[in-house]
Amino acid sequence: MNRRDIYNKYDGHCAYCGKKIEYDDMTVDHIIPQSKGGKDNLENTIPSCQLCNNQKGNRSVEEFREFVANIVDVLDENKQYRLALRYKKIAVVKRSPIVFYFEQTKEK
Ligand SMILES: [Zn+2]
């Protein structure tokens, strides 16, 4: 398995958030985590930025989708977040379905 092949799958983008990533900054995510029996091969690996990979951790893709979707609910409980909203330091967040980059883009 070649890191470059994984990087090229999505033309240098994080397969989850779609952010353009430098080759050296790419982390290799296992779609099915190895801790859950996922294989360490090209089919089960996907390029990921450090933030997405760190937050996905040992989650499956569906668990990660749910985690990202629920961040808004977690933020609602944070007073500094609510204060930032009230003073318009941040925009109202959208509650929309999470569609990962790899679901919008064809693998190369
Ligand atoms: Zn990402």
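How many residues of domain 1 are in contact with how many residues of domain 2? In this predicted model, nine residues of domain 1 are in contact with six residues of domain 2, where contact means heavy atoms within 4.5 Å. The domain assignment places domain 1 at 1-58 and domain 2 at 59-94, with bounds taken from an automatic or database domain assignment. The centres of the two domains, taken over C-alpha atoms, are separated by 24 Å.

Local features of the model need pLDDT of at least 70, and side-chain atom pairs count only at pLDDT 80 or more, whereas totals for chains, interfaces and linings use all residues. Residues are numbered from 1 along each chain as its sequence is written, and side-chain values use heavy atoms, with hydrogens and water left out.

The secondary structure comprises six helices and two strands, which follow the pattern α-β-β-α-α-α-α-α along the sequence; helices (H or I, at least four residues) and strands (E, at least two) are DSSP runs numbered from the N terminus. Along the principal axes, the C-alpha atoms fill a box of roughly 50 × 30 × 25 Å. Of the 108 residues, 31% count as buried, that is, under 20% relative accessible area with a 1.4 Å probe and protein chains only. Among contacts between residues at least 6 apart in sequence, 54% join residues at least 24 apart.

In helix 3, the buried residues are V61, F64 and R65. Seen down the axis of helix 3, these residues fall within an arc of 105°, so they line one face of the helix; the arc is that of the directions from the helix axis to the C-beta atoms. The buried residues of helix 3 pack against helix 2 and helix 6.

The largest pocket has a volume of about 220 Å³. Of the 14 residues that line this pocket, C17, C52, F64, V68 and F100 are the closest to its centre. A pocket is here an open set of points on a 1 Å grid over the protein atoms alone, where a 1.4 Å probe fits, with protein on both sides within 12 Å along at least five of seven lines, and lining residues have an atom within 4 Å of a point; the volume is the space filled by probe spheres set on the points, which are joined across faces, edges and corners. Helix 2 (50-56), helix 3 (61-69) and helix 6 (101-104) each supply at least two residues of the lining, and at least three residues are drawn from each of domain 1 and domain 2. The lining divides into twelve nonpolar, two polar and no charged residues, with Ala, Val, Leu, Ile, Met, Phe, Trp, Tyr, Cys and Pro counted as nonpolar, Asp, Glu, Lys and Arg as charged, and the others, Gly among them, as polar.

How values were computed. Buried < 20%, exposed > 50% of the residue type's maximum accessible area, 1.4 Å probe, protein only.
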